[in-house]
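Thank you all for coming.

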Amino acid sequence: MGLITLPTDIPWLSLIWLSLVVPSVLIGVIPNSQKQLMRIVGTGFAFLSLVLSLLLFLGYQPAAGGFQFVERLDWMPQLGITYLLGVDGISLAMLVLNGVVIFTGALMSWNIESRPKEYWVLLLLLTTGVYGVFVSLDLFLFFVFYELAVLPMYLLIGIWGSTRKEYGAMKLTMFLMAGSALAIIGMLAIYFGSGLRTFDMVVLARNVTMSGDLQRIFFPPLFLGFAVLAGMFPFHTWSPTGHVAAPTAVSMLHAGVLMKLGAYGCLRAAMWLMPVGAQYWLPTIAVLTILNVVYGATIAMAQRDAKYIIGYSSVSHMGLVMMALAAGTQIALMGAVLQMFAHGVMTALFFSVVGRMIYERTHTRQLPELGGLGKVMPFAAVMFILGGLSSMGMPGLAGFWAEFAIFIGVWEKYPLIAVIAAISIPITGAYILRAVYSVFFDEVKNPEFLTLPKLTWQEYTGAAILGAILIAVGLYPSVLTEIINTGVAPLARQLNDVIVAVGP
Amino acid sequence: MFQLTDIPRILPEILLLVLALLVLGSDIFERWGSSDAARLERVRASAQLTAIGLGLIFVIALIQSGYVYTLPDDAPANFFTNILRNLQAGGPGPQPIIGAFATDDLTMIARLTFIGAAFLTSLLCLDSHPNSNPAEFYAMILFSTMGMCLMAGATELVMIFLAVEMTSIPLYILAGYFGEARSSEAGLKYFLFGAMSSALMLYGMSLAYGFAASALAGNSVANDLTQLSKIAELSGQGSPLLTMSMVLIIAGVGYKVAVVPFHGWSPDVYQGAPTPITAFISAASKAAGFILLFRLLTVAFPSLAGSAVFGESLGGWTSLLALLALLTLIVGNLAALPQTNAKRLLAYSSIAQAGFILLGLVAWAAPQQFDRDQGTSALIYYLVVYTLTNIGAFGALAAVSLAVGGDDVSDLNGLARRNLPLAVLFAICVLSLAGVPPLAGFFAKFYIFMVGWQSGAWWLVIIALFTTVISLYYYLRLLKAMFMEAPATDEPLPAPAGIMSAISIAVAALLILGLFPNLVLGIISRVQAVAGL
């Protein structure tokens with residue numbers, strides 16, 4: 001926002017991912033009996049990373065635009081691999097999102113009693129990877145962090161998860177790794193196809209020297225490789241099972257941030273570096289995303305498990321993001337990034353209410369078995385409704401602005417698709433209201449629910465932060481949109497102008 | 001001519017031989033008896049002597065190579081600099097000794113790899129209990145290591161054959177050392193297949209020799225006819241006889257490195273052999289085979305390299321190897337999926353890994369010298385990383401089977417709760433095998449994929465990428481057993497200090513090499529000077 005000026009001689013972006021590597025090493029040496037200390041260290045450093053990302057957000061100069069806080073170190077110069085970090089408007093929004101979600105996720109993890117050491121180390125490593133992806137500008141480095149973000153998930157879900165956890169964990173990992181394999185094909189194609197022999201994304205994007213034919217061939221692997229993580233149809237099936245199986249904080253991180261990593265990869269690697277290929281394939285992708293949006297919402301409607309509802313709602317909402325990417329205009333891209341932010345916060349809120357506040361106490365998430373919880377935990381009800389309204393696109397909440405921008409942007413490019421996708425709005429309303437009613441307002445079905453333990457301060461704090469952000473961004477969206485616009489404008493230009501330069 | 005000044009150039013081999021004799025001799029001269037206590041004492045003495053000796057030889061070889069520190073020419077002469085200068089006089093040099101043994105950078109790096117691997121293996125063996133005369137066990141490892149070093153430097157057919165036998169025969173004995181049914185079967189099987197492959201290779205060599213002899217028709221001296229570079233000179237126009245010889249040699253070495261379809265022996269042998277020996281066979285002996293193959297093919301048959309570009313101009317040894325790589329990747333990875341024995345699973349994983357290594361050889365098909373050099377670097381980097389990883393993985397398995405008494409996947413259940421450090425180290429090795437960043441295994445694979453793609457074998461790279469996804473499934477099964485399953489008992493699982501330190505060294509190297517590959521890539525890139533012959 002340019003509100004403050006940060007000293008330039010500090011490697012801010014390295015600090016931000018190191019701020020989570022350090023505690024994961026520290027926690028590794030804390031004796032097993034000191035559970036409370038592990039929680040404090042983990043949460044403390046997560047908070048530090050949030051502060052750092054907020055500082056960067058405030059210190060970014062939108063007037064200057066472009067990549068700022070750039071760090072460059074030779075890594076393997078003979079192969080054109082550099083340690084190159086930098087942030088623009090898009091990655092800043094994602095950094096703040098990640099900071100918020102990891103901090104609140106850490107707060108929601110205080111009840112992990114079994115093997116807390118491994119849990120915290122893996123959780124922090126995962127988040128390190130996410131931060132790393134958002135700040136790296138070298139494709140190789142990007143990929144290294146990307147994998148680091150994906151793999152700890154296997155153990156996190158498999159050990160601390162619930163419902164069919166081993167199946168969910170394996171399915172998720174296999175899908176995402178198959179995606180990575182596709183992405184590597186795309187990366188190698190760019191590296192050799194451009195003839196530049198570098199993984200520096202800024203250089204690769206500035207001179208798109210890859211021939212149009214090659215771009216058309218290798219755009220799908222790179223795009224789909226990341227789109228798997230974004231939950232794009234028909235590669236979305238891992239996502240609801242994974243979300244349901246994961247422990248609360250991991251669901252929050254996963255639906256809240258990791259799926260955004262996929263969309264971010266699609267935008268940053270595939271669309272930015274292969275604009276000609278993108279122009280060729282995006283209409284097809286737009287058609288596929290209709291299925292995401294409408295089918296995801298419809299399936300959510302039919303679920304009885306509250307976590308499955310949120311899982312399929314994520315598929316539907318991420319479908320909107322992908323649809324906006326496929327439209328590729330500036331306003332659509334802005335909407336996409338804003339939707340990633342809004343959906344991240346909202347889903348984190350949902351999962352903390354359903355996964356932590358409700359499931360940890362009632363040990364069930366089946367809608368028919370729940371009911372009347374509004375009397376028992378009014379705070380949870382308020383938060384869930386807040387998230388629900390944002391999800392439905394209620395004006396005054398973050399989700400509204402995002403969906404509004406997306407539908408405007410998609411309308412410009414593909415009016416028919418926008419109309420079809422709009423069907424999802426009433427469906428979303430229906431399944432959210434149904435969930436709200438049967439969880440919080442129906443009659444109490446199980447008398448034991450009346451004596452559930454009170455919410456803890458961690459739960460109050462975490463959920464309150466998430467709720468406050470939804471309202472703040474809803475009331476004053478330009479706090480984000482201004483910065484996001486500086487990031488998406490060059491991308492939108494790239495998509496529409498480079499064609500002229502390279503030729504079809 | 002062999003000169004006195006050539007002695008420092010083969011110093012590590014000489015030292016290995018001396019050490020082996022010393023280990024044997026010290027045990028013979030000090031026959032303490034064969035009661036259990038005495039035997040344990042003898043095992044300790046031999047094992048420690050071997051480990052310390054190998055550590056020293058590694059340091060000497062490292063100093064000699066000059067990779068860490070090279071003495072400047074104008075250094076003042078004193079006692080230490082004189083020793084150093086004399087040692088480094090045997091450093092990387094251009095001319096092979098009597099045309100048969102090159103001490104170039106390839107040999108130097110290979111030596112360090114093999115001696116390092118033997119050192120780690122000897123640490124793994126510190127706590128195993130050979131049942132008869134312990135010294136033989138350790139001396140065999142040393143003889144075999146010496147054979148590997150000779151294999152890496154051999155530039156002449158007879159030398160190659162002798163080195164291969166020198167490596168293999170001790171390994172046959174070691175594989176069958178424990179005398180149980182499985183172990184004996186492993187030893188016998190290894191021996192029979194090994195003898196077969198030697199015969200194939202020897203037949204191929206005899207064809208090459210005959211070709212050279214008829215081409216030169218009597219105008220030759222000494223060992224001219226069998227020198228690889230001579231064969232290369234003569235093979236310019238290409239001859240079916242030479243191609244035949246090349247194919248037979250590839251098949252022979254293919255058995256040694258266990259690539260499909262010559263892999264039949266390896267799961268049984270790996271499973272039956274004592275676990276530390278399995279680590280040694282699967283890591284060092286395979287690496288030696290690949291280095292031999294690399295030198296043979298690039299020095300003796302460069303004109304038959306051909307190309308691995310799909311559809312255009314398949315032909316030559318690169319496309320043959322590409323085909324083998326394809327089979328190896330698919331069969332190795334698919335066959336590993338249903339395994340329930342962890343050792344056997346890792347055995348199939350090593351077969352699959354050989355497929356990736358072959359990709360590095362296929363890179364020789366690239367038209368540009370620069371890309372071929374990259375291919376060489378990728379190959380050697382992969383071999384170094386693979387050696388470390390496999391020793392780490394089998395080492396961890398050795399610790400588990402020593403404590404639990406079995407090596408099924410289910411024996412790993414709940415390892416994280418019984419011994420967290422061991423489980424973490426094992427997991428890191430397994431993930432490095434799977435190619436997960438930021439571990440060295442990832443960069444090794446990525447680099448191999450890069451050079452393979454550039455050489456035109458992009459179709460193979462794409463298939464290889466998907467087999468890595470398949471491989472992840474069985475690697476994750478090991479992780480699942482260690483971290484997710486409930487342990488059979490809750491009591492801590494003891495891991496011997498020797499094994500833990502060997503795995504720790506391997507894992508530390510994997511992390512460092514993964515984060516800073518340039519630490520060794522700079523040294524490895526010197527090999528290109530040889531390959532450019």
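Before we look at any lining, a word on classes: Ala, Val, Leu, Ile, Met, Phe, Trp, Tyr, Cys and Pro count as nonpolar, Asp, Glu, Lys and Arg count as charged, and the others, including Gly, count as polar. Please also keep in mind that what you see is a predicted model.

Let me start with the largest pocket, which has a volume of about 1,400 Å³ and is lined by 39 residues, with A:Leu125, A:Leu148, B:Ile428, B:Pro438 and B:Leu511 lying nearest its centre. By class, that lining has 32 nonpolar, three polar and four charged residues. Among the elements that each supply at least two lining residues are strand S1 (68-76) of chain A and helix H18 (458-483) of chain B, while H4(A) gives the most, with six residues.

The second largest pocket holds about 730 Å³ of space, and of its 23 lining residues, B:Phe58, B:Leu112, B:Val384, B:Leu388 and B:Val520 lie nearest the centre. Here the largest share, seven residues, comes from H4(B), and the lining divides into 20 nonpolar, three polar and no charged residues.

Finally, the helix pair: in chain B, the axes of helix H13 (residues 342-362) and helix H17 (residues 440-454) come within 8 Å and cross at roughly 45°, which makes H13(B) oblique to H17(B). The contact is made by B:Gln353, B:Phe356, B:Leu359 and B:Gly360 of H13(B), together with B:Lys445, B:Ile448, B:Phe449 and B:Gly452 of H17(B), and these residues divide into four nonpolar, three polar and one charged. The crossing of H13(B) and H17(B) is left-handed.

Notes
Residues numbered from 1 in each chain as written. Chains lettered and ligands numbered in written order. Predicted model: local features only at pLDDT ≥ 70, side-chain atom pairs only at ≥ 80, totals over all residues. Heavy atoms only, no water. Axes fitted to C-alpha atoms, helices over the stretch in contact; angles between N-to-C directions. Helix = DSSP H or I, 4+ residues; strand = E, 2+ residues; numbered from the N terminus. Parallel < 35°, antiparallel > 145°, perpendicular 65-115°, else oblique. Left-handed = near helix turned anticlockwise from the far one by under 90°. Contact = heavy atoms within 4.5 Å. 1 Å grid on protein atoms, 1.4 Å probe; cavity = no way out; pocket = protein on both sides within 12 Å on 5 of 7 lines; lining within 4 Å. Points joined across faces, edges and corners; volume = space filled by probe spheres on them.
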